[in-house]
Amino acid sequence: MDVRFEGDELKSVLNRLRRAQGQITGVIKMIEEGRDCEDVVTQLAAASRALDRAGFAIIATGLQQCLTDVGNGDGSGETTDEMKARLEKLFLSLA
């Protein structure tokens with residue numbers, strides 16, 4: 001299952017990942033500087049949420065594309081149940 005991103009979808013996912021990257025860089029700097037634990041954890045939680053949202057966006061796009069591919073008979077040989085199981089496993093990996 002290949003996920004293809006275009007236009008706004010691609011921009012949105014990349015922005016979320018870049019935001020998380022910046023937040024993680026910030027967490028590292030905060031730890032190196034010996035910053036307050038509560039501030040570090042708050043920043044780390046924000047990075048985690050940004051990564052989760054990027055992951056969910058990727059899965060949502062993949063789900064939409066898979067449903068379209070199954071409806072159009074993409075020829076991959078994968079059954080709807082097999083595809084559903086793969087997407088469920090991906091979704092649960094973020095839970």
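Arg-35 and Glu-33 form a salt bridge in which the closest N and O atoms are 3.9 Å apart. The structure is a predicted model. A search of the whole structure finds one salt bridge.

**Salt bridge**
- Side chains of opposite charge can pair when their charged atoms come close.
- Arg-35 has a relative accessibility of 42%, so Arg-35 counts as partly exposed, given that this class lies between 20% and 50%.
- Glu-33 counts as partly exposed because its relative accessibility is 47%.

**Helix H1**
- Helix H1 runs over residues 7-32, which is 26 residues.
- At 1.5 Å a residue H1 should span 38 Å, and its end C-alpha atoms are 38 Å apart, so the two values agree.
- The buried residues of H1 are Val-13, Ala-20, Gln-23, Val-27 and Met-30.
- An α-helix has 3.6 residues a turn, so residues three or four places apart point the same way.
- Gly-34 follows H1 and has a positive phi, near 70°.

**Nonpolar surface patch**
- Leu-10, Leu-14, Leu-17, Ile-24, Ile-28 and Leu-51 make a nonpolar surface patch of about 450 Å².
- H1 supplies the largest share of this patch, with five residues.
- Ile-24, one of the patch residues, is found in helix H1.
- Ile-24 has a relative accessible area of 35% and is therefore partly exposed.

How values were computed: Residues are numbered from 1 along each chain as its sequence is written. This is a predicted model: local features need pLDDT of at least 70, side-chain atom pairs count only at pLDDT 80 or more; totals for chains, interfaces and linings use all residues. Side-chain values use heavy atoms; hydrogens and water are left out. Helices (H or I, at least four residues) and strands (E, at least two) are DSSP runs, numbered from the N terminus. The expected span of a helix is 1.5 Å times one less than its number of residues. Buried means under 20% relative accessible area, exposed over 50%, partly exposed in between (1.4 Å probe, protein chains only). A salt bridge is a side-chain nitrogen of Lys or Arg within 4 Å of a carboxyl oxygen of Asp or Glu. Patches are made of residues with over 30% relative accessible area and no salt bridge: like charges are joined within 9 Å, nonpolar side chains (Val, Leu, Ile, Met, Phe, Trp, Tyr) within 5 Å. Accessible areas come from the Shrake-Rupley method with a 1.4 Å probe; for residues, only the protein chains shown count as cover.
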